[in-house]
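Student: I'm new to reading protein models. Could you walk me through this one?

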Amino acid sequence: MITSDTLGVDVSRETLDRLNLYLALLNKWNPRINLVARNTLGEAIHRHFADSAQLTMIRISCRGSWVDIGSGGGFPGLVVGIILAEKSPDTSLNLIESDTRKATFLRHVIRETGLSAKVYSDRIESCSPQLADILSARALAPLPKLLGFAHRHLAKGGTALLMKGESWGKEVEEAQAEWQFSCTPHTSKTNPNAVVLEIGDLVHV
């Protein structure tokens with residue numbers, strides 16, 4: 001069961017109920033759709049929910065729109081959305097996921113949890129620019145390509161929160177050949193070798 005302690009974020013009982021319903025739906029749907037790797041399902045609270053929730057510790061509120069790209073099974077986007085429904089209720093949430101089966105799952109979770117969010121079942125590079133104040137992504141693509149997606153969908157002055165593994169330093173160096181950007185790495189709360197890259201001032205070279 002997800003608690004504030006296991007999540008790593010202090011949230012209300014209503015938010016925990018929503019997250020636990022989401023966890024139950026993930027367990028029910030995953031054998032059919034493979035939303036997350038099967039060998040991580042037993043550790044989903046730590047590997048997926050707490051990992052996603054840490055983004056709200058970097059940005060606890062967003063006055064405009066939060067867009068999650070390549071949402072897959074909803075990590076980090078749906079976890080962030082459920083927490084922000086309590087912490088920052090004026091934030092609008094959009095998720096982009098090209099796989100129609102996964103998009104169907106995302107819409108089902110949104111309906112069942114009563115979350116206010118929209119899912120675009122389209123390719124990231126084809127979806128109309130979202131003008132996001134905050135853009136998030138997890139385990140999606142190498143950083144140079146990821147920054148191309150961010151550049152398309154971020155509003156002017158927007159910030160990208162990109163979850164990267166232990167090779168993040170090399171990826172940043174490679175991305176700097178194509179992009180200018182500010183970058184603040186936040187050590188992951190769930191994996192000391194991983195980071196959340198807080199990226200702004202993004203300009204193509």
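Tutor: Helices (H or I, at least four residues) and strands (E, at least two) are DSSP runs, numbered from the N terminus. Here the protein has eight helices and seven strands. Keep in mind that this is a predicted model, where local features need pLDDT of at least 70, side-chain atom pairs count only at pLDDT 80 or more, and totals for chains, interfaces and linings use all residues. Residues are numbered from 1 along each chain as its sequence is written, and side-chain values use heavy atoms, with hydrogens and water left out.

Student: What radius of gyration does the protein have?

Tutor: That radius is taken over C-alpha atoms, and the globule rule is 2.2 Å times the number of residues to the power 0.38. For 205 residues a compact globule would come out near 17 Å, so the 16 Å of this protein agrees.

Student: How much of the protein is buried?

Tutor: Buried means under 20% relative accessible area, exposed over 50%, and partly exposed in between (1.4 Å probe, protein chains only). In this protein, 53% of the 205 residues are buried. Helix H5 (residues 77-87) is mostly covered, with eight of its 11 residues buried; among them are Leu78, Val79 and Ile82.

Student: What joins Phe75 and Pro76?

Tutor: A cis peptide bond, with omega at about 5 degrees. Pro76 sits in the loop between strand S1 (65-69) and H5.

Student: And is Ala139 buried or exposed?

Tutor: Exposed, because its relative accessibility is 74%. Ala139 belongs to the loop between strand S4 (132-138) and H7, and its phi is positive, about 50 degrees, although it is not a glycine.

Student: Which residues lie nearest the centre of the largest pocket?

Tutor: First, the idea. On a 1 Å grid over the protein atoms alone, a pocket is an open set of points where a 1.4 Å probe fits, with protein on both sides within 12 Å along at least five of seven lines; lining residues have an atom within 4 Å of a point. Here 36 residues line the largest pocket, and Gly70, Phe75, Arg138, Ala139 and Leu140 lie nearest its centre. Helix H3 (44-53) is one of the elements that give two or more residues to this lining, and H3 has the largest share, four residues.

Student: How many disulfides are there?

Tutor: A disulfide is a pair of cysteine sulfur atoms within 2.5 Å. By this rule the count is zero.
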